[in-house]
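Please look through the sequence and the model below before reading on. The report then takes up a few places in the chain, one after another.

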Amino acid sequence: MTPRTLLGFDYGTKHIGVAVGQQITHTATALETLALRHNRPDWSAITRLVAEWQPQAFVVGVPLNRDGSESPVTRAARRFGHQLHGRYNLPVHTIDER
């Protein structure tokens, strides 16, 4: 099996936490926190991280309410995942943050 590197994103209303994960070791390490600028991701910083780590896929945390319903932040996180896929043409996996 070829080891895969994943970049994980914890999308929030003011910041996006970024971590790198290694499939072979099943570990993840926090990298940095990016501020949203005018309610938009810092795409230049994300592009820098993609170039540096060369991930094979992304993981985006989806913050659902306890009952499984969605909130405005849930929809924003999903939209961010779609944007990641559109910009970098890599698979995006979502994970329930509950």
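## Report on the predicted model

Leaving aside its neighbours within four places in sequence, proline 55 is in contact with Thr5, Leu6, Leu7, Val50 and Leu90. The model is a predicted one. Proline 55 sits in the loop that runs between helix H1 (43–53) and strand E4 (57–62). Its relative accessibility is 7%, so proline 55 counts as buried, the limit for buried being under 20%. Proline 55 and glycine 68 are 13 residues apart in sequence, yet their C-alpha atoms are 29 Å apart in space.

The loop between H1 and E4 also holds glutamine 54. With a relative accessibility of 55%, glutamine 54 counts as exposed, whereas proline 55 is buried.

Histidine 26 is another residue with a positive phi, here about 55 degrees, although it is not a glycine. Histidine 26 is found in the loop between E2 and E3, and at 71% relative accessibility it counts as exposed.

**Helix H1**

Which residues of H1 are buried? They are Trp43, Ala45, Ile46, Leu49 and Val50. These residues cover an arc of only 160 degrees around the axis, so they lie on the same side of H1. The other side of H1 has Ser44, Ala51 and Glu52, which are exposed. The cover over the buried residues of H1 includes strands E1, E2, E3 and E4 as well as helix H2 (72–88). Val50, one of the buried residues of H1, is also among the contacts of proline 55.

**Aromatic pairs**

The count of aromatic pairs comes to six. In one of them, the rings of tyrosine 11 and phenylalanine 80 have centres 5.2 Å apart and planes at 35 degrees, so the pair is tilted. The pair links distant parts of the chain, since tyrosine 11 is in strand E1 and phenylalanine 80 is in helix H2, 69 residues apart. Both partners are buried: tyrosine 11 has a relative accessible area of 10%, and phenylalanine 80 has one of 1%.

In a further pair, the ring centres of tryptophan 43 and tyrosine 88 are 6.4 Å apart and the planes stand at 45 degrees, so this pair is tilted. Tryptophan 43 belongs to helix H1 and tyrosine 88 to helix H2, so the pair ties together parts that are 45 residues apart in sequence. Tryptophan 43 is buried, with a relative accessible area of 14%. Tyrosine 88 counts as buried at 17% relative accessibility.

Ring pairs link Phe9, Tyr11, Trp43, Phe58, Phe80 and Tyr88 into a cluster.

Is threonine 74 buried or exposed? At 0% relative accessibility, threonine 74 counts as buried. Threonine 74 lies in helix H2. Apart from its neighbours within four places in sequence, threonine 74 is in contact with Val62, Pro63 and Leu64.

Threonine 27 lies in strand E3. Its relative accessible area is 42%, so threonine 27 is partly exposed. Not counting residues up to four places away in sequence, threonine 27 touches Val20, Gly21 and Gln22.

The table sets out the accessibility of some of the residues discussed.

| Residue | Relative accessibility | Class |
|---|---|---|
| Threonine 74 | 0% | buried |
| Proline 55 | 7% | buried |
| Threonine 27 | 42% | partly exposed |
| Glutamine 54 | 55% | exposed |
| Histidine 26 | 71% | exposed |

**The largest pocket**

What volume does the largest pocket have? The volume is about 170 Å³. The pocket is lined by 14 residues, and those closest to its centre are Leu7, Gly8, Ala19, Ala28 and Val59. Strand E1 (5–11), strand E2 (15–22), strand E3 (27–35) and E4 are the elements that give two or more residues to this lining. E1 gives the most, with five residues. Sorted by class, the lining of the largest pocket has seven nonpolar, five polar and two charged residues. Leu7, among the residues closest to the pocket centre, is also in contact with proline 55.

Notes. Residues numbered from 1 in each chain as written. Predicted model: local features only at pLDDT ≥ 70, side-chain atom pairs only at ≥ 80, totals over all residues. Heavy atoms only, no water. Helix = DSSP H or I, 4+ residues; strand = E, 2+ residues; numbered from the N terminus. Buried < 20%, exposed > 50% of the residue type's maximum accessible area, 1.4 Å probe, protein only. Contact = heavy atoms within 4.5 Å. 1 Å grid on protein atoms, 1.4 Å probe; cavity = no way out; pocket = protein on both sides within 12 Å on 5 of 7 lines; lining within 4 Å. Points joined across faces, edges and corners; volume = space filled by probe spheres on them. Nonpolar A, V, L, I, M, F, W, Y, C, P; charged D, E, K, R; others polar. Arc of directions from axis to C-beta. Phe/Tyr/Trp six-rings, centres within 6.5 Å; stacked < 30°, edge-to-face > 60°.
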